[in-house]
Amino acid sequence: MATSERSSDLQITSSHDRQKNSDDAPDIWVAMSYHVIVIGGSFAGLSAALQLARARRRVLILDSGKPRNRFAQFSQGFFGHDGQSPSAILANARSQLLSYGTVSFAEDLATHAAKSDEEYIITAASGTVHTASEGDLHPD
Ligand SMILES: Cc1cc2nc3c(=O)[nH]c(=O)nc-3n(C[C@H](O)[C@H](O)[C@H](O)COP(=O)(O)OP(=O)(O)OC[C@H]3O[C@@H](n4cnc5c(N)ncnc54)[C@H](O)[C@@H]3O)c2cc1C
């Protein structure tokens with residue numbers, strides 16, 4: 001499904017955004033609502049997302065997969081990672097990040113951003129619409 005659909009209490013977006021209620025529940029999917037959508041999942045975006053995950057925020061990282069150092073075979077001068085390939089560093093960082101249950105990652109290009117009174121609305125090249133809202137933060 002390419003676009004979001006809303007009824008009074010149900011929002012259906014893409015498969016990335018869907019979360020089943022429980023194993024026993026009927027096949028009804030409810031939307032995952034994010035606190036933050038990070039656009040760009042390379043060194044800067046993953047660093048930001050890690051701090052947000054540590055702060056228990058629900059985070060979606062949208063990344064089009066073109067880090068600027070993708071042409072470099074090895075990374076140099078990055079403490080603890082000297083001599084590793086940039087793609088290996090990113091893959092490791094992404095895997096560590098995805099161990100946080102509140103983090104999702106989607107390979108897509110953000111093409112449009114808007115803000116309503118309630119939420120931020122990000123449209124991606126695939127046609128998927130993602131939303132984020134500062135409300136409903138974790139109580140603890
Ligand atoms: C050839 C080269 C070699 C380098 N070697 C080293 C080195 O050895 N050591 C070192 O410390 N630094 C090196 N650097 C610098 C390092 O690559 C950068 O500092 C680092 O990549 C910056 O990270 P970033 O997250 O800001 O940006 P980027 O790595 O450029 O990442 C931006 C990400 O955002 C995504 N994106 C952009 N727009 C959108 C959108 N609209 N929707 C979704 N996703 C989007 C891109 O696809 C990309 O994945 C090198 C750079 C280059 C060019």
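Helix H1 (43–54) and strand E6 (59–63) both put at least two residues into the shell around the ligand. Keep in mind that what you're looking at is a predicted model. Grab the structure and let's work through it.

## Exercise 1: Getting your bearings

How many helices and strands does the chain have, and in what order do its elements run from the N terminus on?

Step 1. Go through the chain and tally the elements: there are 2 helices and 10 strands.

Step 2. Now write them down in order, starting at the N terminus: β-β-β-β-β-α-β-α-β-β-β-β.

Step 3. The chain has 140 residues, and 22% of them are buried. If you take the contacts between residues at least 6 apart in sequence, 44% join residues that are at least 24 apart.

## Exercise 2: Around the ligand

Which residues of the shell come nearest to the ligand, and which element gives the most to that shell?

Step 1. Look at the 23 residues around the ligand; Gly40, Ser42, Ala44, Arg68 and Asn69 are the ones that come nearest.

Step 2. Sort the shell by element. H1 gives the most, with 3 residues.

Step 3. Sort the shell by residue type, and you get 10 nonpolar, 10 polar and 3 charged residues.

## Exercise 3: The parallel sheet

What is the strand order in the open sheet with parallel pairing, and why is one side of E5 and of E7 left without a neighbour in the sheet?

Step 1. Trace the sheet across its 3 strands: the order is E5-E6-E7, and the pairing is parallel.

Step 2. Check the edges. Strand E5 (36–39) and strand E7 (103–107) each have a single partner strand, so one side of each has no neighbour in the sheet. Going from one strand to the next, the twist averages 20°.

Step 3. Zoom in on one pair. E5 and E6 are joined in the parallel sense over 4 bridges, and Ile37 stands opposite Leu60 in E6.

Step 4. Now bring in the helix: H1 lies across E5, E6 and E7, and it runs at about 170° to E6.

## Exercise 4: The nonpolar core

Which residues touch the most other members of the largest nonpolar core?

Step 1. Start from the general idea: in soluble globular proteins, nonpolar side chains tend to be buried together.

Step 2. Find the core here. It has 15 residues, and Ile37, Ala49, Ala53, Val59, Leu60, Ile61 and Leu62 touch the most other members. At least two residues of this core come from each of E5, H1, E6 and E9.

Step 3. Pick Ala53 and skip its neighbours within four places in sequence. You'll find Ala53 in contact with Val59, Leu97, Tyr100, Thr102 and Val103.

## Exercise 5: The antiparallel sheet

What is the strand order in the open sheet with antiparallel pairing, and how many residues lie between E8 and E9 in their hairpin?

Step 1. This open sheet has 3 strands, in the order E8-E9-E10.

Step 2. E8 and strand E10 (129–132) are at the edges with a single partner strand each, so one side of each lacks a neighbour in the sheet. The twist averages 20° from one strand to the next.

Step 3. Follow E8 into strand E9 (residues 120–124): they pair in the antiparallel sense over 5 bridges. The two form a hairpin, with 4 residues between them.

Step 4. Ala114 goes with Ile121, while Ala110 goes with Ala124.

Step 5. Check how covered E8 is. This strand, residues 110–115, is hardly covered: of its 6 residues, the count of buried ones is 0.

## Exercise 6: Partly exposed or exposed?

Ser87 and Gly135: which label does each one get, partly exposed or exposed?

Step 1. Locate both. Ser87 has its place in helix H2 (residues 86–97), and Gly135 is in the segment after E10.

Step 2. Count C-beta neighbours inside 10 Å. Ser87 has 14, so it counts as partly exposed. Gly135 has 8, so it counts as exposed.

Step 3. Finish with two C-alpha distances. Ser87 and Ser75 are 12 residues apart along the chain, with 9.4 Å between their C-alpha atoms. For Gly135 and Glu119, 16 residues apart in sequence, the C-alpha to C-alpha distance is 8.8 Å.

Note on methods. Residues numbered from 1 in each chain as written. Predicted model: local features only at pLDDT ≥ 70, side-chain atom pairs only at ≥ 80, totals over all residues. Buried ≥ 20, exposed ≤ 12 C-beta atoms within 10 Å, placed from the backbone. Contact = placed C-beta atoms within 7 Å. Near = placed C-beta within 6 Å. Nonpolar A, V, L, I, M, F, W, Y, C, P; charged D, E, K, R; others polar. Pairing = 2+ DSSP bridges. Axes fitted to C-alpha atoms, helices over the stretch in contact; angles between N-to-C directions. Core = buried A, V, L, I, M, F, W, Y, C linked by C-beta atoms within 7 Å.
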